[in-house]
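Visitor: Please take me through this structure, and set each term you use against the definition behind it.

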Amino acid sequence: MTATSDHRAFNDGALSTDQGIPIADTDNSLRAGARGPSLLEDFHLREKLMRFDHERIPERVVHARGAGAHGVFKVYEPLDEYTTADFLTDPDAETPVFVRFSTVQGSRGSTDTPRDVRGFATKFYTRQGNFDLVGNNMPVFFIQDGIKFPDLVHALKPEPHHEMPQAASAHDAFWDFVSLQPETMHHLIWLMSDRALPRSYRMMQGFGVHTFRLVNGHGHSTFVKFHWTPALGTHSLVFDEAQKISGKDPDFNRRDLWESIEAGVFPQWELGVQLIPQEQAFAFDDIDLLDATKLIPEELVPVTPVGRLTLNRNPDNFFAETEQVAFCVGNVVPGIDFTDDPLLQARLFSYLDTQLTRLGGPNFAQLPINRPHAPVRNHQQDGLHQQRVPVGRANYLPNSLGGDLPARGSGFGHVPEMVDGPKERKRSVTFADHYSQATLFWNSMSTWERAHIVAAYRFELGKVDTMAIRVRMVEHLNRVDHDLAVAVAAGIGVEEPVKSVDNHGRSSAALSQAVTAPNAVATRKVAVLVGDGVSARAVVRLRDVLGAQGVTVELLAPVDGTVDTDDGLPMEVTRAMNTVASVLYDAVAVPDGALTLAADGVAVNFAAEAYKHGKAVAASGTGEDVLRRAHIPLDDPDPALVLDADPGERLLAALATHRNFDRDVSAIPA
């Protein structure tokens, strides 16, 4: 046996210091007598405390709170007509990925469900190196030029004099900034929509935001915008629900992602591209491809599906992977290149620069989660946390002493674009339209989506103390749509504005969540309220019908443990009602038999709150008494209100439509 294997066998399974020294006792520090002073020579105590004192690294300035998962990407058909990127041209290749979802505003310890933009960042470990597609769940951004990013984030974050509010844009500083920066108007209306309240990361779109280039083997460039479309459809919470979830389960979205993957129900998204020939760069009257505050309507350029992303493995360690992953917009592979979008150009610097502080130096790419799967060969050397041990005497190019050579042929090549112009701090006149696409978004919304947007503006601006800011925002909204401005003004104490411009009347169906087709119900959660006397047959039947389609059914009772069913046998419940809330479920069902539930305030509130939030509510027999006590109109022809002795199939159909937001809930107690 070698000396090395001897040592491994000696320490195998034993607690040790970072130096490999075995430790027999980690519960007591070294003292001079049982009641004496602690001794400075206790190297184990000093090391243990030193390591604990330095566990935290700087959190991200934005996107601090997130959740991640591993997975794979496969392209459907070769895209070599447009690009040489290997992962987009080989349908047989299964490219490993790591995806991180995040909120933007809040700190790492904030909640999952504020009104906020969500990050959707994907690291592709391709055979040509790492490609990072660092996007959001909204296709546009607040600003056109990255030089305004520090101002935007400073205004958005808690105000510096008292560090409030946390993870919220409803304060004077943010609305002061955006009311003085009209280019924010398009992204603002997205932020006020339900897109800012995703039901799940698994039900959230993603966008690359910027226009990139695909470059083929002949050096020909095609402009591209990247889209992620969830297989489960795009669905959202309502604001009241999101606020309550923040108190009941601040980890709601990350828990949902984790539990889905652990259950083997792997989330999927389809990658789509909008392709614009280089010759058509100026083909759109009011859209500059370099303006990140604009989108290209799908009616003008359809989204072509090109591949599928599947997340199939949770991280082994949150810090080592989800927290230490470093996304850099500048990580592109041959066949993908940048455009002159001024926001994108600033991000190319900023994302690399921030890792130096957050991860402690230039060697962050050697961390396992960031390490390329492609070979790395260069003469970068030394620095903090260097993990490689270079060999050889030549650490420079050119050299005749080693074998390293620069890439030939297949190496990355930038698009040879002609650049000419005076040095000046100036926006293009093609960036000047700040309102027409906000109008496009508003026109595309359904009646209930518009109502939610108006309510959001009223809530946010109602938190603003400075009346002049409210007035400025109403003036901006009046240039988006007069009816919108009037509705918002009426709720925030601002005088109704005089109509200033006509609505252009254009819309895009793809922008509305109301046109989403019914989707699969797998992993949806249904709360079944039970109590003593409940019909065992009704519960079993409901659980079987829903469970067969992958729906998670939880039995909730007034107390934990078991209930006595109508056949005299005990039935185990999942948990007590008072430990959860209806906002954590997609539907509520009350089967026949539990006579006492109608007198249980928690059960009645469960049904009332679910109904108010547009969710499917089902009842049979005596379960209808709970709905009556909740003031739910049982004679309402509501497809998501299921009154049936055997409600399972109809409840599945209602679940597949997500919500019924057309309900009149005015009679439901707050």
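Guide: We can start with Pro165, which is found in the loop between H3 and H4; helices here are DSSP runs of H or I with at least four residues, strands are runs of E with at least two, and both are numbered from the N terminus. The model is predicted: local features need pLDDT of at least 70, side-chain atom pairs count only at pLDDT 80 or more, and totals for chains, interfaces and linings use all residues. Residues are numbered from 1 along each chain as its sequence is written, and side-chain values use heavy atoms, with hydrogens and water left out.

Visitor: What is omega for the bond that joins Met164 and Pro165, and is that bond cis or trans?

Guide: Omega is about -5 degrees, and the bond from Met164 to Pro165 is cis. A cis bond also leads from Leu397 to Pro398, with omega near -5 degrees, and Pro398 lies in the loop between helix H9 (342-358) and helix H10 (436-444). As background, most peptide bonds are trans.

Visitor: How do you know at what angle H3 and H4 pack?

Guide: Two packed helices are described by the angle between their axes and the distance between the axes. The axes are lines fitted to C-alpha atoms, for helices over the stretch in contact, with angles from 0 to 180 degrees between N-to-C directions; on that basis helix H3 (residues 149-156) and helix H4 (residues 172-179) pack at about 145 degrees, with axes 7 Å apart. By contact, meaning heavy atoms within 4.5 Å, Asp151, Leu152, Ala155 and Leu156 in H3 meet Ala173, Phe174 and Phe177 in H4. The residues of this contact divide into six nonpolar, no polar and one charged, where Ala, Val, Leu, Ile, Met, Phe, Trp, Tyr, Cys and Pro count as nonpolar, Asp, Glu, Lys and Arg as charged, and the others, Gly among them, as polar.

Visitor: What makes strands S15 and S18 stand at the edges?

Guide: Two strands pair if DSSP finds at least two bridges between them, and six strands form an open sheet with parallel pairing in the order S15-S12-S11-S16-S17-S18. Strand S15 (575-576) and strand S18 (641-643) each have a single partner strand, so one side of each is left without a neighbour in the sheet.

Visitor: How many bridges join S11 to S16?

Guide: Three bridges join strand S11 (residues 525-529) to strand S16 (residues 587-590), which meets the requirement of at least two for pairing. Helix H14 (residues 536-547) lies across S11, strand S12 (552-557) and S16, running at about 155 degrees to S12.

Visitor: Which residues of helix H17 are buried?

Guide: In helix H17 (residues 648-656) they are Gly648, Leu651, Leu652, Ala654, Leu655 and Ala656, buried meaning under 20% relative accessible area, exposed over 50%, and partly exposed in between, with a 1.4 Å probe and protein chains only. The buried residues of H17 pack against S11, H14, S16, strand S17 (616-619) and S18.

Visitor: Why is His658 called buried?

Guide: The relative accessibility of His658 is 6%, and therefore it counts as buried. His658 lies in the segment after H17, and its phi is near 75 degrees, a positive value in a residue other than glycine. Thr523, in the loop between helix H13 (482-492) and S11, has a positive phi of about 75 degrees although it is not a glycine, and at 11% relative accessible area Thr523 is buried.

Visitor: What is the relative accessible area of Gln345, and is the residue buried or partly exposed?

Guide: Gln345, which lies in helix H9, has a relative accessible area of 37% and is therefore partly exposed. Leaving aside residues up to four places away in sequence, Gln345 touches Phe338, Thr339 and Asp340.

Visitor: What makes a space a cavity and not a pocket?

Guide: On a 1 Å grid over the protein atoms alone, a cavity is a set of points where a 1.4 Å probe fits but cannot get out, whereas a pocket is an open set with protein on both sides within 12 Å along at least five of seven lines; lining residues have an atom within 4 Å of a point. Grid points are joined across faces, edges and corners, and a volume is the space filled by probe spheres set on the points. The structure holds five cavities of 30 Å³ or more, and about 120 Å³ lies in the largest cavity. Of the 14 residues that line the largest cavity, Phe207, His227, Glu298, Ala510 and Leu511 are the closest to its centre, and the lining divides into eight nonpolar, four polar and two charged. The second largest pocket holds about 1000 Å³; of its 28 lining residues, the closest to its centre are Leu290, Asp340, Pro342, Lys426 and Ser428.
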